[in-house]
Each structure stands twice: as structure tokens, then as C-alpha cells.
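Keep the viewer open as you read.

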Amino acid sequence: MRAYRHLLLWSVIAVSSVPNACNRSSGRDSLLRNLPLREPSPKVVVAFQPWFGDPDHIRIDYTSNDPAVIRRQIRQAKNLGIYAFAVDWYGSRHPFLDRSYALVQKIASENHFHVALMYDETEEDDGHATEDALEAMDLAYRQYIGPGSAGRDAYLLYEGRPVIFVFPKLGGTDWSQVRQQLSRWDTPPILLYKDDPPPQYAPAFDGQYAWVHPGTKGWASDGSEWGGDYLQDFYRKMQSRHADQIAVGAIWPGFNDSRASWGLNRHIDRRCGKTLEDTLRIFAEHDDPAHPMPFLLIATWNDYEEGTAIESGLARCSESVRPAS
């Protein structure tokens with residue numbers, strides 16, 4: 001008989017103490033307690049925002065360059081069964097974020113936790129996207145991934161190779177050129193792209209990861225399009241057309257970009273916790289025991305600007321979730 005375990009993510013909801021009509025249990029909510037996932041996969045990774053304290057972002061109750069804050073976050077994540085943070089990172093283009101990432105990797109190493117870079121591609125279509133990516137990957141190798149890097153033992157690996165998530169923008173990066181550079185590393189990394197990469201650069205990538213998406217109908221004004229059909233299509237596509245690649249599933253509690261300076265009034269309702277439950281259930285349905293997915297990505301740990309944070313638990317019928325002080 002196959003061994004199963006109960007994912008500890010039900011604790012994310014259990015820490016929420018916001019009372020409302022939708023929470024009818026008398027004690028801690030066990031919404032996700034009975035969703036089994038196969039051992040030893042997947043390792044649970046959560047997207048992490050390192051930019052609080054930077055004036056380009058909203059002010060919350062902490063700054064991301066405070067070692068005490070990072071230690072608390074890592075301790076909390078480990079208690080929830082989370083294996084790694086995938087940290088938003090722009091290379092030298094955003095020094096504040098780079099300093100925050102260095103701190104996260106250092107403290108992760110001290111606490112037997114793991115981290116990975118989620119490289120955000122250049123947004124500006126100024127012809128420098130490839131140059132920016134090459135420079136960023138060189139920095140990543142020298143400072144975080146290559147031999148002698150501080151905290152290298154904390155970096156997320158798959159089959160002995162470091163994992164780098166790529167979050168695409170509109171930069172027009174020549175990923176074939178980037179891959180040529182990466183092939184010269186002592187251990188070339190695994191590159192994972194959000195959904196399908198541009199066809200001409202597909203050979204540069206080792207797999208794809210899913211991300212918050214409302215589905216084929218697009219954003220609904222009432223937030224009812226939570227992404228079920230998108231996730232079904234993602235997993236079927238990876239199984240039928242990309243079976244030789246790494247697939248990374250994703251789950252999310254909701255979405256609301258009303259606090260973001262770039263917000264477009266986009267909204268996915270949390271549905272009293274059911275959005276998180278359903279995205280996880282779809283992952284479990286598609287996690288083929290013959291070809292298990294190695295990672296499950298939560299979007300996100302602490303993106304309070306886009307309303308996807310799980311750090312402070314889930315306000316059961318509210319989009320107003322504030323970080324712990």
C-alpha cells in the first residue's frame with residue numbers, strides 16, 4: 001500500500017483567528033487536513049517577497065532586511081511543513097532586494113532551511129534584457145550558488161542541480177544565450193519558466209511552473225474565476241506534451257491587487273478558504289505516482305500588495321490579511 005501523508009498546510013489556516021459567519025468550527029479549522037499527498041514528493045516551496053522597507057513598495061509591519069524577521073519567517077515556514085522560499089530577485093538592478101536575498105540565504109543556511117532565486121526578467125523593452133540576465137546569473141553564481149558561496153548548502157537542488165525560477169516580463173531575453181553561459185557552471189542549473197516559454201527558447205528550459213491565473217474566461221469582477229480550468233489545462237499539458245520536463249504545481253489562497261501601485265482591479269475571491277483547498281485538490285488529482293511532481297509552489301508567503309499572502313493565516317471571508325508584527 002502506498003504511503004501517504006497529510007500536508008501540513010492546514011496549519012496555515014489554523015493560525016487565522018478572524019471570526020466570521022463562514023467559519024463554523026468550534027476549534028481550529030482543519031480545512032486541508034484530509035488532503036493526502038504522496039511521500040516523498042512534493043517538497044513545498046513558497047514564493048517570498050523580500051522588498052518590504054523599500055520605498056517602491058507599501059509599508060507593512062516589518063522590513064525585509066531585519067534578521068529577526070527573517071528568522072521568525074523561516075521558523076514559521078518550517079513549522080508549516082514548507083521546505084524552501086523562492087525569493088523574488090532582480091540581480092543588481094534592485095540592490096535592496098539583493099541584500100535581502102543574501103540575508104535570507106544566510107539565515108536559511110543557519111537553520112537547515114532552503115532558498116531559491118525567482119529571477120524577474122527585465123520589464124523595459126530597452127534591448128538590455130539579455131545583458132541584464134547574463135549579469136544577474138553571473139552574480140547568482142558568484143554570490144549564492146557557485147563553489148565557495150556563502151550559505152550555498154541552503155540553495156534548493158533537484159537531482160543535485162540548483163533550481164532557478166524565471167518570472168517572465170516583457171524584456172525579450174535571449175534565453176538560449178543565457179543557457180550557454182549557464183552550461184559553463186560547475187553544476188548547470190535547472191531553469192523553470194512560468195507557463196510556456198517563447199517557442200524559440202523552449203530548449204533552454206528544463207520545465208515549467210504554474211502561477212496565479214483566473215482561467216480561460218479571464219478576471220471576473222466578483223472574483224469568482226479562481227483558476228480551476230487553468231490548472232487543469234496546465235497539468236494536462238505537462239503530462240501530454242511535456243512529459244519529459246519538470247512540472248511544478250501551484251496553489252494560492254486568492255488574489256487582490258488593490259494595494260499595488262500597478263494594480264488593475266484584479267480579484268480572485270478566497271471563498272472562505274475554498275480557493276486554496278481547490279487549487280491543492282487539483283494538484284493532488286494530477287500528481288501521478290509514476291511521475292510525481294517534485295515541488296508544489298504556494299503563491300505566496302507575503303505578497304500583501306496582490307493579496308496572496310499566507311504568512312498571517314487566512315482571514316476566512318475577508319481579503320484583508322495583515323502581516324504579523
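Which residues have the most contacts inside the largest nonpolar core? Keep in mind that this is a predicted model. The core in question has 84 residues, and the ones with the most contacts inside it are Ile 82, Phe 85, Phe 165 and Trp 175. Helix α4, spanning residues 129-145, gives the most to this core, putting in eight residues.

Skip its neighbours within four places in sequence, and Phe 165 is still in contact with Ala 86, the run Ala 116, Leu 117, Met 118 and Tyr 119, and then Leu 156, Leu 192, Tyr 209 and Val 248. There's also a second, separate core, with 11 residues, among them Tyr 62, Val 69, Leu 97 and Ala 309.

Now for the backbone. Follow the chain past β13 (295-298) and you reach the segment that holds Thr 300. The peptide bond leading from Ala 299 into Thr 300 is cis, with omega near 5 degrees.

Two residues other than glycine have a positive phi. His 112, in the loop between α3 (95-110) and β5 (114-120), has phi near 55 degrees. His 112 counts as exposed because its relative accessibility is 69%. Glu 159 has a phi of about 50 degrees and sits in the loop between β6 (157-158) and β7 (161-167). With a relative accessible area of 68%, Glu 159 is exposed too.

Methods
Residues are numbered from 1 along each chain as its sequence is written. This is a predicted model: local features need pLDDT of at least 70, side-chain atom pairs count only at pLDDT 80 or more; totals for chains, interfaces and linings use all residues. Side-chain values use heavy atoms; hydrogens and water are left out. A nonpolar core is a set of buried Ala, Val, Leu, Ile, Met, Phe, Trp, Tyr and Cys residues joined through side-chain atoms within 4.5 Å. Buried means under 20% relative accessible area, exposed over 50%, partly exposed in between (1.4 Å probe, protein chains only). Helices (H or I, at least four residues) and strands (E, at least two) are DSSP runs, numbered from the N terminus. Contact means heavy atoms within 4.5 Å.
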